[in-house]
Amino acid sequence: MNYIDISWPISSDMTAYKDRSVVRITPTKNFEYDAVRESLITLGSHTGTHIDAPAHFIVDGVTSEAMSLCATVGPCVVIDMTHCTQAIVRTDLIAVADHLQQGSRILFKTRNSLHTPTDLFDPNFVYIDCQAAAYLAERAIQAVGIDYLGIERNQKGHDTHIVLLSAGVVIIEGLRLGHVTPGDYFLFCLPLALVGTDGAPARAILVKQTIN
């Protein structure tokens, strides 16, 4: 098996959404005085690779611990969308409709993955527009992931989020796919078991079976 880490490395220097840095890693014990190391970690619920819970944008939406892991663990397809310069739109998805089967897990690789994990925030990142989101909902996919810290970009009303979350589509943001060849994989994306939150950081890996 070939295991591919697609998680955004978490550090105080990492890219933060709209440069709102909230990561703090503070040593609380060190070897000089305590003969052991410990740290206090502070981070936002939407730091790095994370899932959005329906409660993020829906008034009565469930919180992150109530979401089933079935949507973020299982076979998935990484789809090349590096030709998109501004947004992934409905026609882009129609062109790859064969991959968008009911219950599928879809990860979009875009030019966002050209950024390093510590670059300044790019306000012109490639996003999924609301009509494309509606198409994904129509196709009844389980989960959609994108390789930046947001799935939409300054959309009034947050239509992309609301359309997907209302349809039960799990959103994974903050993936790192620059080193990933588009194709079929097995996804493990496990959000932290945080109770009552609107989202949760996650560790995400892809598994590719190699043939000897």
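Biologist: What volume does the largest pocket have?

Modeller: About 480 Å³. Of the 27 residues lining this pocket, Tyr17, Arg20, His46, His56 and Leu149 are the closest to its centre. A word on the source: this is a predicted model, where local features need pLDDT of at least 70, side-chain atom pairs count only at pLDDT 80 or more, and totals for chains, interfaces and linings use all residues. Residues are numbered from 1 along each chain as its sequence is written, and side-chain values use heavy atoms, with hydrogens and water left out.

Biologist: What makes a pocket a pocket, and a cavity a cavity?

Modeller: Both are found on a 1 Å grid over the protein atoms alone. In a cavity a 1.4 Å probe fits but cannot get out; a pocket is an open set with protein on both sides within 12 Å along at least five of seven lines. Lining residues have an atom within 4 Å of a point. The volume is the space filled by probe spheres set on the points, which are joined across faces, edges and corners.

Biologist: How many cavities of 30 Å³ or more does the structure hold?

Modeller: One. The largest cavity has a volume of about 40 Å³. Its lining is Ile51, Met67, Ser68, Leu69, Thr72, Val170 and Pro191.

Biologist: Why is α3 called roughly parallel to α4?

Modeller: Helix α3 (residues 130–138) and helix α4 (residues 159–166) pack at about 5 degrees, with axes 8 Å apart. Angles under 35 degrees count as roughly parallel, so α3 is roughly parallel to α4.

Biologist: Which residues of α3 and α4 meet?

Modeller: Cys130, Ala133, Ala134, Leu136 and Ala137 in α3 meet Asp159, Thr160, Val163 and Leu164 in α4. Contact means heavy atoms within 4.5 Å.

Biologist: Why does Ala200 count as buried?

Modeller: Its relative accessibility is 0%. Buried means under 20%, exposed over 50%, partly exposed in between (1.4 Å probe, protein chains only). Therefore Ala200 is buried. Ala200 sits in strand β12 (residues 199–208). Among the residues Ala200 touches are Ile51 and Pro191.

Biologist: What about Ala140: why is that residue partly exposed?

Modeller: Ala140 has 34% relative accessibility, so it counts as partly exposed. Ala140 lies in the loop between α3 and β9 (143–146). Its phi is positive, about 60 degrees, although Ala140 is not a glycine.

Biologist: And why is Asn154 called exposed?

Modeller: At 60% relative accessibility, Asn154 counts as exposed. Asn154 is in the loop between β9 and α4.

Technical notes: Axes are lines fitted to C-alpha atoms, for helices over the stretch in contact, and angles run from 0 to 180 degrees between N-to-C directions. Helices (H or I, at least four residues) and strands (E, at least two) are DSSP runs, numbered from the N terminus. Angles under 35 degrees count as roughly parallel, over 145 as roughly antiparallel, 65 to 115 as roughly perpendicular and the rest as oblique. Lists of a residue's contacts leave out its neighbours within four places in sequence.
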